Structures are given as C-alpha cells and as structure tokens.
Amino acid sequence: MVAASLAADVLVARPRQAASSPDNSPVVTKVEPPNWWLRLTPELMVLLSGRHLEATGVTCNLSNLVVERTQATAGGNYLFVWLKLEAELKSGTAVCRISTPTGTTSFELPLAAREQTIHKFQGLTTAVVVYLIMPDRFANGDPSNDEPTDAQGSHDRLKLRTYHGGDLRGIREHLDYLKDLGVTTLWLTPIVKNGATEDYHGYSAVDLYGVEPHLGSLREYQELVAAGHQQRMKILFDIVPNHVGPKHPWVAQPPLPDWFHGTAQRHLNASAPVNGAFYGEGENQGHDLFEAIVDPHAPPRLRRNLTDGWFAGVLPDMNTENPMVAQYLLQNAVWWAESSGLDGFRVDTFPYVSRQFWARWHAGLRRIYPQLTTIGEVFHPDASVTSFFAGGQKRYDGIDTGVSTLFDYPMYFVLHDVLLNGAPVGRIADVLRHDALYPRPDELVTFFGNHDVPRFASAEGSSAAKLKLAFGLTLTLRGIPQLYYGDEIGMPGGGDPDNRRDFPGGWREDAKSAFTEAGRTREQQEVFTWVQTLLRLRREHAALGSGHLWHLFSDEATYIFARESEDERVLVVFNNSKARGVDVTLRDTPLQGAASATRLFGEASVKLSGAEAHVHAPAQSLSIFVLN
Ligand SMILES: [Ca+2]
Ligand SMILES: [Ca+2]
C-alpha cells in the first residue's frame, strides 16, 4: 500500500518525446487523467492533447490493459483513447505507443493499487457543521507561492480582486482553531487551476486536473485532507461540472465541435430571462428560468438559456449531453476523490446542468463511493423550486438527480427577512412546512452567509445581537448548518468581492490575529464565544442535530420549537421583538408530560404546569432548554 502510494505521488502521466521531430510528427502535451487506479473502473477514457495525433494504432505495454478504441479529433490536436482495465491488471506505469501516418510517439499512464479506503469518502451526517473557506483569503501558510512565476502581477493584498496569498497549507496550519471553534467539516471554494490574475475565487478553471499554484500543490491538498481526517474533520470539494473558465485551452480549440454548448463567438446567455412577467412576477425577478425548469408545461425553449447558456454570459458551458463530456467529468470527480480521500462534493450551479447528467454522474460516483455526500447549489427562495432538484425522488420528467442534499436557500432568504427586514417570525415555520416536498429535509444545508452574498454583519439593519440570533437559529433549526469563515468573529463586508476579506491574523504581517483569543477584540470574542458555545451544545445534545422538529408556537414575533431525538427533548425559544410572556401548550407533542425544563443557553425562563408551559423570553433572544 505504501509503495503504491509513493508511486502515485511520484509518477504522473507525461508525454514522451518522439525520437525525431519533423514539424508534422505527433506530439502529446497533456494526458487526462494523469494517472488512475486498479479495480476502480472497468474502463478509462484518456484525453490526450497535442499535435498530429491522427492515430492509426495505439498499443500499451502492460498485459491486461487493452486499447478498446481511439478517436482523433480537432485535426489531430486531441486523441481520445478508451482503455479496458482487466481484473488481472497489475500496478505499474503503462507506456502506450501511438502510431500515426507521420510518425510515432507515446504517453505514460501510472496505474496504482487503491490505497486503504477506511476513513475516506465518508459523507456527512446531521451531526456535522460545515465551515466554508475561500482558501486565498483565509491564511497564508506559504509566502513562496504568493506569486507563481507564470502569474506575475497576480498578487496584491490591497486589491479586492487579485490573489492575496492564502493557501492550502494555511488552512492545514489552522485546523486547531477550527477544531476549537467546533466545526467538523470544511468546504473549500474550488482549488483547481484558474487562468487569470482575478480568478482567486477558483470558479474559472483552465485545468481540471491541476491545483491552482497560488493555493499549493496536489500533495498539499492530500496533506490537508489527511490532517483533517486525523482531527475527525471532513472535507468537501467544490466541483463545477457546468462550466470552465474563459481561458481554458478548450475554448480556443474544443476537443469536439459540440464539447461546449455553443462557441466563444456564438452562445446562449444563462442569465438572460425569457420573460420576467411569465409567472406574474416583476420583470426584474431574476430567477424565473429556474421556475421554467420545474414547470411541466414549459416547452424546452423556456429553459434552454439556463441549461445551455454560458453562465453570466461568459463562462463556457459544458455540453453534458455529450457522453464523452459526461465521461470526462465523471472521471474527473472520481480522480479528485481517489487522489485525496475527500468526503463529498459541493456542486456549483446545479440547475444549470441537465438533470439526466446529474442522474448518471451520481450513479457513477455512488458505484465507487456509496457514502459520499453531494450538496447542490440551487440559489432560489422558493422551496417548490429548490425541492424539485432534490435526489431520492423522481419528478415529472422521470429523473432522480441523485444529489444527496441541497443548500436551504429558502431558509436563508427568510432568516434575512426576519432578522434584518422585520418580516413575521412565522415565516420560519412557513419554510419548514414545505419540508414535505423534500425526501430528506433534515439533511438540508442551512446557512445565513456564504461567499456569494454580503456579510450579515454589514447588512442594512444588522447588529451584533442580530448576528448572534442568526447563528442561534442556524445551529438549532433542523438541517446541516454551514457557517462562512469570519462570521464567527463578526467580519464585515459588502457584496462580492468585499465579502471575501482576509481573515485577520492569517498573514504573518497582520498586526493582530483573530485565530487566538488574545488577538481578538472584545466584540470579536463575544461572537466567537457565542458560536463556540452553540457548537458545543449541538455536539453534546444529539437532538439539536438529528432530532425531529416540532412547531410549538409561532406568530409575528416569536417561534418556539422542539427537537426530539430518541432519548432527549430540547426546547428552543426565539423571540425577535420586545420581552414577552407566552403560554405554550405541549399537548400532542413528545414534550407533553415533561416534569422539568433545564436551561442550557440564553436568558429565557420556562415554567411547566401539566401540559402547558409558560415561557418568558427577553427581547431579541434565543434560549435552549432540555426537558425531562
Ligand atoms: Ca501563499
Ligand atoms: Ca449548463
């Protein structure tokens, strides 16, 4: 096992030089995937980039590795090679010889035994809490990679859209901080190689098999996952099958004429609404295309912009209906999983990709990694829209996307409306009432902040008290909570990219480090302690993570609910207005008959009398009780 692992680290596929190189002799410049594993998949599609690759024959030197077929494309600039990996195949580096009418060349493909799979590909449960990190903005563990030689001028901490120097090693060096805070899963925004000085965010890939050099190396990613697992922390990889970046070499020269939906010159725009008033909403409603996707009456032309258009009009849209594109993208996901041992994927722009693709992609992943969790991003306030994409169910099109769970955007919007805009608190119960639309609502990923929206602390109408309530609700309502780096110290910031400021103390030159209590201001420490305490309570009281949620009381100002697990009943009191007393009946709930209420958190009080509870809640407060 150890030898195989070393081999996989050291050997990556590389093109081999042709003996002589007249201008038209074949050349391989890139091999994707760069390596693979035995007894993982029965077949592998290798995509070679290069020149003059019009192969008449390809043969490999390992027995039980069979070249099934080949297809040269784009005038010989690409060669697809389908390999059959027979059960008897032994590990080693395959050297495959390519014959063309103008000469011969070869490529290497290391094939290793799989490493131990224990404590890898674990998937998430409702017991975890996810922490989202934008690696460039968290901590700089290696100043030597701040400005890679081929990316001059890309690093400047004073500019909002350039690289700031944060990296994978910086995250690994602060796992203790995260452990101390109490989060148990990390979601990093994409780490694949990007192409421009302003692509610090990672969503404009130019190489789906490379780690962005500003962030480190593949080995450093592997080390981060392993170190996380050692601390019982799971790792989510942010994957983007919908699109690549405008500078990806495929854009100038696609491997197939229909590798993308459209071309750089001529494509649909995923952001162009068909008709904003179609469903009786204002012209400026931005999400009507999602509604057309879930509408069984909508002709396909109403949704084509969304699924086939280029995101924001600029990001090249993968033609996931092409089986070769689909195989490339599935193999790519498997490669990242197998290379690192990651525990799940956060899946970007979920509705922008065909549902048929998701069904096949998930089926392919699950064959190898049955426990792996995938979380789909469906950025929409309406649960009747978001739930349409949930896996574990077929909708009118007969398709089950297979996705494990989704971000709870409807709850995100309501938490903001309630806490910042004075919306009735009962709207929280209204979101939860829609849980019947999801096969597994308890696994929805709840959040009040991420890298795409302004920081809660800086929103209009916000305050430290409201930020604490946002944490309180996110960490007690049903679901898998996701926190955004820096919110635990009340980090400020407006819209993108101001919501992605550097975590204070992540850079050696920073005057103060919020990674330590001594370096935090009183205000930062107050929020930190609040979050840390709630996270500890969530760990200690399983009902807060996995318990069934019961509504007990809901009106304009107050929502009182219970969480019931097999051996525990917890009561949560949220009051968004002035101090008040509320009489709550516990009849017909598992709390009926409780003899005592012990306060775990907050300042409210509860007096039990038969099946009734008299609750007194201070102004703008959240309190937690355990009932016995
Ligand atoms: Ca760095
Ligand atoms: Ca698409």
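A residue is called buried at under 20% relative accessible area, exposed at over 50% and partly exposed in between, using a 1.4 Å probe and protein chains only. The model is predicted, so local features need pLDDT of at least 70 and side-chain atom pairs count only at pLDDT 80 or more, while totals for chains, interfaces and linings use all residues. Residues are numbered from 1 along each chain as its sequence is written, chains are lettered from A and ligands numbered from 1 in the order in which they are written, and side-chain values use heavy atoms, with hydrogens and water left out.

We can start with the disulfide, defined as a pair of cysteine sulfur atoms within 2.5 Å. The structure holds 1 such bond, formed by Cys60 and Cys96 with their sulfur atoms 2.1 Å apart. The link is right-handed, with 105° about the S-S bond. It connects distant parts of the chain, 36 residues apart: Cys60 belongs to strand E5 (residues 57-60) and Cys96 to strand E8 (residues 92-100). Here strands (E, at least two residues) and helices (H or I, at least four) are DSSP runs numbered from the N terminus. Cys60 is buried at a relative accessible area of 16%, and Cys96 is buried at 0%.

Calcium ion (ligand 1) is coordinated at 2.3 to 2.6 Å by Asn140 (OD1), Asp142 (O), Asn145 (OD1), Asp146 (OD), Gly165 (O) and Asp167 (OD). Asn140 and Asp167 lie 27 residues apart, both in the loop between strand E10 (130-133) and helix H2 (168-172). Asn140 is buried, with a relative accessible area of 8%, as is Asp167 at 0%.

Thr307, in helix H7 (residues 301-308), and Tyr352, in the loop between strand E15 (344-347) and helix H9 (355-368), are 45 residues apart and link distant parts of the chain. Both Thr307 and Tyr352 are buried.

How values were computed
Donors are N, O and S atoms within 2.8 Å of the metal (3.2 Å for Na, K and Ca); water is not among the atoms, so sites may look incomplete.
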